[in-house]
Amino acid sequence: MAPVTTAEKKPPMKHKLTPRALAMAVASAKTALQVWDHPEKRELVMEYVRWVWERHKDELKNEPVFQELVRRGALPP
């Protein structure tokens, strides 16, 4: 049997954020805004915030805290 190439792999399943995961994402984004003046701390939090944003942008784009991060240039629009 031939090895599976990346082109043959199925894309990851898209699932909606649970209410708890949504609350955690919003709390992390709020933390990023609170430590905005401390680049080291901000970058630690933003790593997770970016990860969630990339996967669930459609669900998060209406959250005010994520809109603020987009406005500040921390997240792509």
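1. A residue is called buried here when its relative accessible area is under 20%, exposed when that area is over 50%, and partly exposed in between, with a 1.4 Å probe and protein chains only. By that criterion W53 counts as buried, at 4% relative accessibility, and this residue is found in helix α2.

2. The model is a predicted one, in which local features need pLDDT of at least 70 and side-chain atom pairs count only at pLDDT 80 or more, while totals for chains, interfaces and linings use all residues. Residues are numbered from 1 along each chain as its sequence is written, and side-chain values use heavy atoms, with hydrogens and water left out.

3. On confidence, pLDDT being the predictor's confidence in each residue from 0 to 100, the chain averages 88, and 83% of the residues score at least 70. The mean is lowest in α2, at 94, and highest in α3, at 97.

4. The chain has three helices and zero strands, where helices (H or I, at least four residues) and strands (E, at least two) are DSSP runs numbered from the N terminus. Of the 77 residues of the chain, 26% count as buried. Taking contact to mean heavy atoms within 4.5 Å, 52% of the contacts between residues at least 6 apart in sequence join residues at least 24 apart.

5. Helix α2 (residues 39-60) and helix α3 (residues 64-71) have axes that come within 12 Å and cross at roughly 115°; such axes are lines fitted to C-alpha atoms, for helices over the stretch in contact, with angles running from 0 to 180 degrees between N-to-C directions. That makes α2 roughly perpendicular to α3, since angles of 65 to 115 degrees count as roughly perpendicular, those under 35 as roughly parallel, those over 145 as roughly antiparallel and the rest as oblique. The contact is made by M46, V49, W53 and L60 of α2 together with F66, L69 and V70 of α3.

6. The C-alpha atoms of W53 and A25, which are 28 residues apart along the chain, are separated by 8.7 Å.

7. S28 lies in helix α1 (residues 19-34) and is also buried, with a relative accessible area of 16%. Apart from its neighbours within four places in sequence, S28 is in contact with V45, Y48 and V49.
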